[in-house]
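Me: Hi! I have a structure open and would like to talk it through with you. Could you look at it with me?

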Amino acid sequence: AAGNSPSVIERTSAPRTVRTMPSIDEQPYTLVIPTRWKDNDVYGHVNNVVYYSFFDTVINTFLIREGGLDIHGGGTIGLCVESHCRYDAPLAFPEPVTAGLAVTKLGRSSVTYAVTLFGADEAPAAEGWFVHVFVDGKVAEGHWRSHQVPLANARDTDEHLHDLDAWLRSYAVDELFDEAGAIDPEITALAPSGELRMGATP
C-alpha cells in the first residue's frame with residue numbers, strides 16, 4: 001500500500017554496498033593515454049563521453065599490439081554491442097589517464113572486457129565494461145559504402161544473424177520509441193526550445 005512505502009529519504013539513506021575496486025597494479029594490461037585540451041568541458045574536467053574514447057583506445061591498442069588485429073586489411077572486425085561506464089572521480093587535462101584492461105568473458109564470437117580508468121594519483125576514476133562481437137569484415141573499396149561492414153551472411157548463418165540482432169538491439173530503440181513508433185515524450189522533452197535551439201544560435 002502507498003502508506004507503507006518508504007519515503008525518498010528512507011530510500012536514499014539505506015546503506016550502500018562498499019565496492020572493492022582493483023588497483024592499478026592488479027590490471028593485466030595497462031596503457032597510459034594523454035588527455036587533450038579539448039577533452040575538458042565547461043566545468044573544467046574531462047567530458048563524460050571522452051571516457052568511452054579511452055575505453056576504445058585501450059581495447060583496440062591491446063588488440064592491435066598484442067592480438068594481431070589488422071584494422072586495414074584483416075578479414076575480421078569487432079563491433080561494439082554493449083558498453084557501460086560508472087564515473088567515480090573527475091579527470092582533467094593535462095593529467096594523463098592510465099587505462100587498465102582485463103578480459104572477463106570469452107564467447108564463441110564475443111569478448112567482454114572490464115576497463116578501469118585511473119587518474120594521475122593512480123586512484124580509480126571510472127570503471128565499466130565493453131562487449132565486442134567479431135564478424136567477417138567485407139570491404140567495399142571505392143564504393144560509397146566503403147566504411148560500412150555488413151554481415152553478408154546473416155540470412156543464412158545463425159551466428160551472423162545472432163550477431164546482427166545483438167548489434168541492432170544495442171541501440172535500445174525500445175527505450176526511445178513507444179509501441180506506435182512515436183518518439184517517447186521523455187526524449188522529445190529533452191530538446192531545447194526557443195533561442196536555445198541549435199538553429200537559432202548564430
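What follows is a chat about this predicted model.

Me: Before we start, what kind of model is this, and how are residues numbered?
Reply: It is a predicted model, where local features need pLDDT of at least 70, side-chain atom pairs count only at pLDDT 80 or more, and totals for chains, interfaces and linings use all residues. Residues are numbered from 1 along each chain as its sequence is written, and side-chain values use heavy atoms, with hydrogens and water left out.

Me: Great. How many helices and strands does the protein chain have?
Reply: There are 4 helices and 5 strands. Both are DSSP runs numbered from the N terminus: helices are H or I with at least four residues, strands are E with at least two. Starting at the N terminus, the order is α-β-α-β-β-β-β-α-α.

Me: And how much of the chain is buried?
Reply: Of its 202 residues, 26% count as buried. Buried means under 20% relative accessible area, exposed means over 50%, and partly exposed is in between (1.4 Å probe, protein chains only).

Me: Let's zoom in on α2. What is its span?
Reply: Helix α2 covers residues 48–65, which is 18 residues, and reaches 27 Å from its first C-alpha to its last. That is close to the 26 Å expected at 1.5 Å a residue; the expected span is 1.5 Å times one less than the number of residues.

Me: What caps its N-terminal end?
Reply: Asn-47 does, with a side-chain oxygen 3.1 Å from the backbone nitrogen of Val-49. For polar contacts, the rule is a pair of N or O atoms within 3.5 Å; within protein, one must be able to donate a hydrogen and the other to accept it, and residues adjacent in sequence count only if both atoms are side-chain atoms.

Me: Which residues of α2 are buried?
Reply: Val-50, Tyr-51, Phe-54, Phe-55, Val-58, Ile-59, Thr-61 and Leu-63.

Me: Changing topic: where is Thr-35?
Reply: Thr-35 sits in the loop between β1 (29–33) and α2. With a relative accessible area of 8%, Thr-35 is buried. Its side chain reaches the backbone oxygen of Glu-95 at 2.8 Å.

Me: Which residues does Thr-35 contact, neighbours within four places aside?
Reply: Val-46, Phe-54, Ala-92, Phe-93, Pro-94, Glu-95 and Val-97. Phe-54 is also one of the buried residues of α2. Phe-93 and Pro-94 are joined by a cis peptide bond, with omega about 10 degrees. Pro-94 is in the loop between β2 (76–87) and β3 (97–106).

Me: How many salt bridges does a search of the whole structure find?
Reply: It finds 2. A salt bridge here is a side-chain nitrogen of Lys or Arg within 4 Å of a carboxyl oxygen of Asp or Glu. Asp-39 pairs with Arg-36 at 2.8 Å, N to O, and Asp-88 pairs with Arg-86, the closest N and O atoms being 3.5 Å apart.

Me: Are those residues buried or partly exposed?
Reply: Asp-39 is buried, at 2% relative accessible area, while Arg-36 is partly exposed at 42%. In the other pair, Asp-88 is partly exposed at 30% and Arg-86 is partly exposed at 42%.

Me: One more from the backbone: what is phi of Glu-122?
Reply: Phi of Glu-122 is near 65 degrees, a positive value in a residue other than glycine. Glu-122 is in the loop between β4 (110–118) and β5 (124–136), and is partly exposed with a relative accessible area of 49%.

Me: And Ser-110, which strand is that in?
Reply: Ser-110 lies in strand β4. Neighbours within four places aside, Ser-110 is in contact with Lys-105, His-132 and Val-133.

Note on methods: Contact = heavy atoms within 4.5 Å.
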